[in-house]
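Here is a brief report on one protein model. It covers the fold, the metal site, the strands and some backbone details.

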Amino acid sequence: MSAHAKVEISSLPPRPEPWLPRLEGAPTDLAYVPTVLIVDDIDLNRRLLRGILKATPYRILEAKRPSAAFSVLDMEKVDLIVVDLVLPEMSGMEFCQMVKADRRTQLIPILMLTSIQGIENEVAGLESGADDFLLKPLRPGLVRTRVSTMLRHKALVDSLEEAETILFALAQSVEHRDRYTGMHCERLASYGIALAHALGLPKQEQLALFRGGYLHDIGKISIPDAILFKRGLLTEEEWETMRQHTIRGEQICRPMKTLAPVLPIIRSHHERWDGSGYPDHLVGEEIPLLARILQVADIYDALTTARPYKPAFSHDRAVAIMLEEARRGWRDPELVPLFAEVVVRQREAEPSEANVKQSLEAMRRELAG
Ligand SMILES: [Fe+2]
């Protein structure tokens with residue numbers, strides 16, 4: 001083997017761990033028949049489109065008006081909407097806006113058809129949420145290609161969404177194994193978002209905190225039960241294994257591009273302001289802000305809920321402990337007092353479990369919109 005070849009091999013990225021989820025190249029569901037919904041009030045137009053798509057394996061549904069289309073969307077799983085710009089009841093653009101504003105339908109791609117030429121029209125249409133445009137008169141070959149491309153993209157989005165759902169379920173099962181931390185993820189997400197809101201952070205960062213509330217400890221799935229649930233003190237070696245959950249968690253979530261903003265939270269939520277944390281011994285503002293926020297929320301939740309080794313501390317006692325930790329140099333000295341203030345306002349509302357779930361769901365919808 002030549003020296004050149006050796007260099008190439010040694011510079012390859014490391015192989016993923018065998019237990020990591022692999023999404024690339026996963027087989028697609030060949031038996032699945034995508035559903036296309038045509039929304040147009042003119043019978044001839046619908047018939048024409050149906051004719052163009054006749055040779056394709058798609059299931060075609062039709063709606064003459066937006067209200068009928070929304071009834072179909074309520075009952076059926078639709079993979080693509082083909083809509084005319086001119087409709088009764090509302091314009092095609094308003095229809096797009098409504099589809100994209102609803103969390104249940106926002107990921108359905110929309111192909112808009114129009115006979116009105118002009119870049120302003122296209123821009124307005126795309127801004128309203130249409131994913132692509134086709135000008136009339138329609139060219140059958142182009143319609144079929146465009147429809148098939150959009151459906152392929154939708155299938156990819158579906159598989160990513162499924163993978164993300166599975167990951168969240170996995171993260172929650174990790175939390176639920178420890179029966180003392182019920183609703184822990186929900187509370188963290190809620191505290192984290194409240195603090196992010198107070199700091200005026202953008203929606204995307206709030207969403208990252210929401211997800212981080214659930215996913216930050218997913219790496220614990222790779223920690224042996226004998227260590228995770230050990231009664232009594234951990235040995236130094238066991239601590240070393242335990243600390244790995246930050247790196248493992250990052251590795252688990254890294255293949256999902258949508259989770260990229262959450263990775264710094266997962267990796268750095270155990271760093272300390274003075275550099276004595278793990279895994280990278282980051283100091284001060286080197287620690288990503290979102291990780292610092294989640295950490296403060298995590299510690300507060302641990303202090304104010306009962307654990308096998310301690311009772312639930314009062315808000316005042318928890319805040320006093322955290323301020324003391326900030327004074328010692330472990331926590332962000334500006335974030336702790338701000339968190340204390342924000343959490344007081346939240347606790348004044350005294351949210352029940354059902355309320356927390358409800359308001360989180362509302363927040364999730366708002367953030368995703
Ligand atoms: Fe952790």
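Two strands pair if DSSP finds at least two bridges between them. With that in hand, Ile81 has Ile110 in β4 as its bridge partner. The model is predicted.

**Overall fold**

The protein chain holds 16 helices and five strands. Of its 369 residues, 44% are buried. Among contacts with a separation of 6 or more, 64% join residues 24 or more positions apart. The accessible surface is about 20,400 Å². Carbon and sulfur atoms supply 56% of that surface.

**Paired strands**

Strand β3 spans residues 80–84 and pairs with β4. The sense is parallel, over four bridges. Besides the pair of Ile81 and Ile110, Val82 is bridged to Leu111 of β4. Strand β3 also pairs with β1, which covers residues 35–39. That pairing is parallel too, again over four bridges. There, Val39 has Val83 in β3 as its bridge partner.

How many residues of β3 are buried? Five of the five are, so β3 is largely enclosed by the rest of the structure. Leu80, Val82 and Asp84 point one way, while Ile81 and Val83 point the other way. All of these are buried.

Strand β4 covers residues 110–114. Five of the five residues are buried, so β4 is largely enclosed by the rest of the structure. Both of its faces are covered. Ile110, Met112 and Thr114 lie on one side. Leu111 and Leu113 lie on the other.

**Iron site**

Which residues are the protein donors of the iron ion? They are Asp217 through OD, and His245, His269 and His270 through NE2. These donors lie 2.1 to 2.3 Å from the iron ion. Their spacing in sequence is D-x27-H-x23-H-H. His245 and His270 link distant parts of the chain, 25 residues apart. His245 sits in helix α11 (residues 245–253). His270 sits in the loop between α12 (263–268) and α13 (289–304).

Why is the arrangement irregular? The four donor atoms subtend angles of 83 to 175 degrees around the iron ion, and this range makes it irregular. For four donors, a tetrahedral label needs all angles between 85 and 135 degrees.

The cut-off for buried is under 20% relative accessible area, and over 50% counts as exposed. His245 has 1% relative accessibility, so it counts as buried. His270 has 25%, so it counts as partly exposed.

**A loop threonine**

Thr56 lies in the loop between α2 (43–52) and β2 (59–63). Its relative accessible area is 17%, so Thr56 is buried. The side chain of Thr56 reaches the backbone oxygen of Leu53 at 2.4 Å.

**Backbone exceptions**

Most residues other than glycine have a negative phi, and most peptide bonds are trans. The table lists some exceptions.

| Site | Feature | Angle |
|---|---|---|
| Lys136 and Pro137 | cis peptide bond | omega about 0 degrees |
| Tyr278 and Pro279 | cis peptide bond | omega about 10 degrees |
| Glu89 | positive phi | phi about 70 degrees |
| His281 | positive phi | phi near 55 degrees |

Where do these sites fall? Pro137 is in the loop between β5 (132–135) and α6 (140–177). Glu89 is in the loop between β3 and α4 (92–101). Pro279 is in the loop between α12 and α13. His281 lies in the loop between α12 and α13 as well.

Key: Residues are numbered from 1 along each chain as its sequence is written. This is a predicted model: local features need pLDDT of at least 70, side-chain atom pairs count only at pLDDT 80 or more; totals for chains, interfaces and linings use all residues. Side-chain values use heavy atoms; hydrogens and water are left out. Helices (H or I, at least four residues) and strands (E, at least two) are DSSP runs, numbered from the N terminus. Buried means under 20% relative accessible area, exposed over 50%, partly exposed in between (1.4 Å probe, protein chains only). Contact means heavy atoms within 4.5 Å. Accessible areas come from the Shrake-Rupley method with a 1.4 Å probe; for residues, only the protein chains shown count as cover. Donors are N, O and S atoms within 2.8 Å of the metal (3.2 Å for Na, K and Ca); water is not among the atoms, so sites may look incomplete. Four donors count as tetrahedral if all angles lie between 85 and 135 degrees; four count as square planar and six as octahedral if opposite donors are over 155 degrees apart and all others between 65 and 115; anything else is irregular. A polar contact is a pair of N or O atoms within 3.5 Å; within protein, one must be able to donate a hydrogen and the other to accept it, and residues adjacent in sequence count only if both atoms are side-chain atoms.
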